[in-house]
Amino acid sequence: MSENVTLTPELLRELQLKELDTLEFIRDFCYKNDLNFYLCGGCCIGALRTGGFVPWDDDIDVLMPRPDYEMLVKLWRQQKTDGRFVLLKTDDNTFTGNIFVTVTDTNYTMVKDNQRNVKIPHGLVLDVFPIDGCPDGKIKRYIQYFWAMIYSLFLAQIVPENHGKLLSAGSKLLLKLFRKPKTRTKIWRFAEKQMSKYNFYESDYVTELCAGPHFMTYKYPSRIYKDSVEVDFEGIKVPIMKGYDEYLTIVFGDYMTEPPKEKQVPHHDIAYLDLSKPCNLDGDETY
């Protein structure tokens, strides 16, 4: 197995600027179809600090309310939008290794380390995470969290290794017990229905269930996402949630202060990167 790509400051900056095309495309698609989305995480922070990428950030993430998220997939397919930009979502015909939707720019080639053997177009990726309604009461919330973990496990089929030995051992056991692809599909589809059954627009609190075990534990007042405001991001206008200060404070604390130098690093392991080469649409390359 070859070593992962080292992102020099120059290569990282080139990658960031090329990723902007996908953000512009998804922004225009959402505006055309009256869909709500918000720049989030590090890109939201970067927009507020400097009007662009955080220098060490290597990707773009957006959030969408669950109804808009599901409508994005439906309208994308109805309007036959796939072309240079391809929407990918695990279903009966496709396995992506992700538990959320991605939009891929096929003009370039980038393979993440954990997707070396996944047969999908390996381009520059924008991640789209749904925001779900959060139930009242601790017990219902724990049950929602449980179904989110089951959904993540059986959809991605990857054992979480950095969240405790008990979770890792339990996940390995479940995947061993339920081996058949059809059975795993039935389980994650059922789990998805259970975890996302709380109406986003009628809930006092909302949560991110597809951004990994850590982010699943957060819940946010729904008022944060009731409206959006546009900000400058690398020379283009994009929306962030109107309650961005409350959102970012919950997740990052003092988000306007840079983290220690040792944490100012890209957070994805990239197996292969070629910013001058279109990716193979069949995902047949070996890396």
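The questions and answers below go through pockets, strands, a helix and single residues of a predicted model.

Residues are numbered from 1 along each chain as its sequence is written. In this predicted model, local features need pLDDT of at least 70, side-chain atom pairs count only at pLDDT 80 or more, totals for chains, interfaces and linings use all residues, and side-chain values use heavy atoms, with hydrogens and water left out.

Reader: Which helix gives the most to the lining of the second largest pocket?
Author: A pocket is an open set of points on a 1 Å grid over the protein atoms alone, with protein on both sides within 12 Å along at least five of seven lines, and lining residues have an atom within 4 Å of a point. Helices (H or I, at least four residues) and strands (E, at least two) are DSSP runs, numbered from the N terminus. Two helices, α3 (66–78) and α6 (181–195), each supply at least two residues of this lining. With six residues, the most is given by α3.

Reader: How many residues of that lining are charged?
Author: Asp, Glu, Lys and Arg count as charged, Ala, Val, Leu, Ile, Met, Phe, Trp, Tyr, Cys and Pro as nonpolar, and the others, Gly among them, as polar. The lining includes Arg 66, Glu 70, Lys 74, Asp 91 and Trp 188. Three of its residues are nonpolar and one is polar, and the charged ones number eight.

Reader: Is Arg 66 buried or exposed?
Author: Arg 66 lies in helix α3. Its contacts (heavy atoms within 4.5 Å) beyond four places in sequence include Pro 130, Asp 132, Glu 192 and Cys 210. Buried means under 20% relative accessible area, exposed over 50%, and partly exposed in between (1.4 Å probe, protein chains only). Because its relative accessibility is 6%, Arg 66 counts as buried.

Reader: What volume does the largest cavity have?
Author: A cavity is a set of grid points where a 1.4 Å probe fits but cannot get out, and a volume is the space filled by probe spheres set on the points, which are joined across faces, edges and corners. The count comes to three cavities of 30 Å³ or more. The lining of the largest cavity has five nonpolar, six polar and one charged residues, among them Leu 88, Thr 102 and His 122. Its volume is about 70 Å³.

Reader: Which residue in β4 stands opposite Leu 87?
Author: Strand β3 (residues 85–88) is covered on both faces, with Phe 85 and Leu 87 buried on one side and Val 86 and Leu 88 on the other. Strands pair if DSSP finds at least two bridges between them, and four bridges join β3 to the antiparallel strand β4 (residues 101–105). Opposite Leu 87 stands Val 103.

Reader: Why are the buried residues of α8 on the same side of the helix?
Author: The buried residues of α8 (residues 244–252) are Tyr 247, Leu 248 and Val 251. The arc is that of the directions from the helix axis to the C-beta atoms. These residues are on the same side of α8 because the arc they cover is only 90 degrees.

Reader: What relative accessible area does His 267 have?
Author: His 267 is placed in the loop between α8 and β11 (270–274). Leaving aside neighbours within four places in sequence, His 267 is in contact with Asp 57, Asp 58 and Asp 59. His 267 is exposed, and its relative accessible area is 51%.
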